[in-house]
Amino acid sequence: MYLADAIKLKQLLLKQIDKLLEEVERVAFIELEKDEPLPTIQSRSLEDIEVELESIRCDMRRLDRLVCEANLRTVVETNDGPLPLVEAMEFAIQLRAQARMYQDLAERPKREFRTGYGEGTSIIKHALYDPELYRLKARDVEKRANRIASAIETANHRTEIDFDASRYM
């Protein structure tokens, strides 16, 4: 199975766990009138659901471990040098945050006029940087983040992990 599929499978397993927990609530309790006897047959027992839950949770833990190992083992090439997948993911997040900061600075005016306090004075707030330069920096940093994200996506579709998902997919 490819790493990209493992990420999708993890979401699927979380949904199955949620459904089983809802089923626990339906199976664990029954409402009856005062003298009505308990039914002797249920479609599934609480124990059956617990066994299935434990099996899925075990697979989830194994899948998490395999994904983490693959994220450490797989290396992507970037303009900043080779990076393990886990580091490249964090680097892309950091670059996007830096690009947002640069873009925020780029959108600020070079000079901002404000009314002062008392006696009608005017105050001018001056940017101590060139907003246009920060617009260009934002664009360049966003491009770097996009290149890394593309390398990560490619790696996710070529990196294989040893997990049999036939039970779920």
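Is K10 buried, exposed or partly exposed? K10 counts as partly exposed, at 32% relative accessibility. Here buried means under 20% relative accessible area, exposed means over 50%, and partly exposed lies in between, with a 1.4 Å probe and protein chains only.

## Basis of the report

The structure is a predicted model, in which local features need pLDDT of at least 70 and side-chain atom pairs count only at pLDDT 80 or more, while totals for chains, interfaces and linings use all residues. Residues are numbered from 1 along each chain as its sequence is written, and side-chain values use heavy atoms, with hydrogens and water left out.

## K10 and its surroundings

K10 is part of helix 1. Helices (H or I, at least four residues) and strands (E, at least two) are DSSP runs, numbered from the N terminus. When residues up to four places away in sequence are not counted, K10 touches M60, L63 and D64; contact means heavy atoms within 4.5 Å. K10 and L63 stand 53 residues apart along the chain, yet their C-alpha atoms are separated by 7.5 Å.

## How the helices are arranged

The axes of helix 1 and helix 2 come within 10 Å of each other and cross at roughly 160°. Axes are lines fitted to C-alpha atoms, for helices over the stretch in contact, and angles run from 0 to 180 degrees between N-to-C directions. Helix 1 is therefore roughly antiparallel to helix 2. Angles under 35 degrees count as roughly parallel, over 145 as roughly antiparallel, 65 to 115 as roughly perpendicular, and the rest as oblique.

For helix 3 and helix 4, the axes come within 8 Å and the crossing angle is roughly 160°, so these two helices are also roughly antiparallel to each other. The crossing of helix 1 and helix 2 is left-handed, and helix 3 passes helix 4 in a left-handed crossing. A crossing is left-handed if the near helix is turned anticlockwise from the far one by less than a right angle, and right-handed if clockwise.

## The nonpolar core

In soluble globular proteins, nonpolar side chains tend to be buried together. The largest nonpolar core of this model has 40 residues, and the members that touch the most other members are L9, L13, L63, I148, I161 and F163. A nonpolar core is a set of buried Ala, Val, Leu, Ile, Met, Phe, Trp, Tyr and Cys residues joined through side-chain atoms within 4.5 Å. At least two residues of this core come from each of helix 1 (3–28), helix 2 (46–73), helix 3 (85–106) and helix 4 (131–158).

With neighbours within four places in sequence left aside, I161 is in contact with M1, L3, A6, L63, L66, V67, A70 and R73.

N71 belongs to helix 2 and is buried, with a relative accessible area of 12%. Apart from neighbours within four places in sequence, its contacts are L3, P84, L85, V86 and M89. N156 lies in helix 4 and counts as buried at 8% relative accessibility. Not counting residues up to four places away in sequence, N156 touches Y2, L3, A4, I7 and L85.

G81 is located in strand 2 (residues 81–84) and, at 19% relative accessibility, counts as buried. G81 and K125 are 44 residues apart in sequence, and the distance between them in space is 41 Å, C-alpha to C-alpha.

## The cysteines

How many disulfides does the count give? The count comes to zero, where a disulfide is a pair of cysteine sulfur atoms within 2.5 Å. A disulfide is a covalent bond between the sulfur atoms of two cysteines. The sulfur of C68 has its closest cysteine sulfur in C58, and because the distance is 16 Å, the two are too far apart for a bond.

C58 lies in helix 2 and counts as partly exposed at 40% relative accessibility. C68 counts as partly exposed at 49%. The C-alpha atoms of C58 and S166 are separated by 15 Å, and these residues are 108 residues apart along the chain.
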